[in-house]
Amino acid sequence: MEELRRRGYSGQLTLIGAEDWPPYDRPPLSKRVLTDGIDPSLNADFASLEVDFHPGETAVALEVPAPAAAASPAAPASPAPARASGAARESALITNRDKYPFDHLVLATGSVPVTLPGPGPQRVLRTYDDALALRALLRPGLRLAIVGAGWIGAELATAAAAAGCQVTVVEAGPAPLAGALGAVAGARTAPWYEQAGVELRTGTAVESVERDGLALAGGWLAADEIVTAVGVRPAVGWLAGSGLVLDNGVSVDPWLRASLPGVYAAGDCAAFASLRFGVRLRVEHWETALHAPEVVAANIVGGAEVYDPVPYFWSEQFGRMVQYAGHHAAADRLVWRGDPDAATWSAGWLSGDTPRLTAVLAVNRPRDLLQGRRLIAAGAAVDAARLADPAVAVKDAAR
């Protein structure tokens, strides 16, 4: 909304949100909302932006007349100018309350948490209301079971341990963050749990969530409260049958255009074609939600901007700032910079015979992260031996 107005868009703007809250930042939910109770609201001025805001309203269907030959997001041709055709005006978004015709539609429905089977109550941490409810629960002695040792699970365990809870984290994978970083790099974070007084059980599957604990594969874990943090799925189920191409989210091209005219997608729900990495990516992190809408806004008003970032995200866990940038494959070579048992260290992933940096991980080493991200963006070849030397600046590892 703000970016469209900044770029001179003067048409009607309607914002529809399923939550009762106005727009807010999600990263603080697992960080400072739990610990300090801060309000993450973005304080958008809808009056000055001339935005018609509809909170607590849910999108349920999409009506878009299919063109004779829809563009394929997997193989885009060239960016199209802003549409003003009669066909586009016939398109409409259907909600649980009303029908909204549109010339352009931006889908930013985000994602929904995955939950586990079983009759017992389980909490998730996705919304501001979720965070407020969890904050009210955290107290000394509370037996808290967290299922999942990913980014959210680790941050929640950090806050709960600081509040005096008896925390047990159950992870089906071989190590914390194995899905995001791989088991080798993720395992370097496992000692942090014990140091914080948190019990970590890896390689442990949950069979069922029960009313007073978790039924584990071969065991039982008693708990007063259970939080499930095993990942999310793009909130696109309501688009089934709409004609939009869905592929782990709304499939969009490098201009963030979906497969139907006038429709764009951004944020957690969008799977975009990355020219840089040659794969389709869906990135569930704040920086994507921040910058992808800038590209959408530019292209709605007639631009031809491509979205092709070096993905970046960060996590504050157990007194450490953990940052990651890029996108690495399982076959990429992992190179350590410094001792991963120390307070500060970093690592990089290399691919190709003439190696290029595909991703960088930094623990309390923000300069390594910043310089590594620039090398990834430049596509520069690097000297693996120099990259592995923590005395050599990451930028100086470039060949």
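A nonpolar core here is a set of buried Ala, Val, Leu, Ile, Met, Phe, Trp, Tyr and Cys residues joined through side-chain atoms within 4.5 Å; buried means under 20% relative accessible area, exposed over 50%, partly exposed in between (1.4 Å probe, protein chains only).

This is a predicted model, where local features need pLDDT of at least 70, side-chain atom pairs count only at pLDDT 80 or more, and totals for chains, interfaces and linings use all residues. Residues are numbered from 1 along each chain as its sequence is written, and side-chain values use heavy atoms, with hydrogens and water left out.

**Cores.** I looked up the largest nonpolar core and got 54 residues, with Leu107, Leu244 and Val250 having the most contacts inside it. Apart from it lies another core, of 40 residues, including Tyr128 and Trp349.

**Rings.** I found eleven aromatic pairs in the structure. Rings of Phe, Tyr and Trp (its six-membered ring) pair if their centres lie within 6.5 Å; planes under 30 degrees apart are stacked, over 60 edge-to-face, the rest tilted. Trp21 and Tyr128 have ring centres 4.5 Å apart and planes at 50°, so I logged the pair as tilted. Trp21 is partly exposed at 30% relative accessible area, whereas Tyr128 is buried at 6%. I also noted that ring pairs link Trp151, Phe313, Tyr324 and Trp349 into a cluster.
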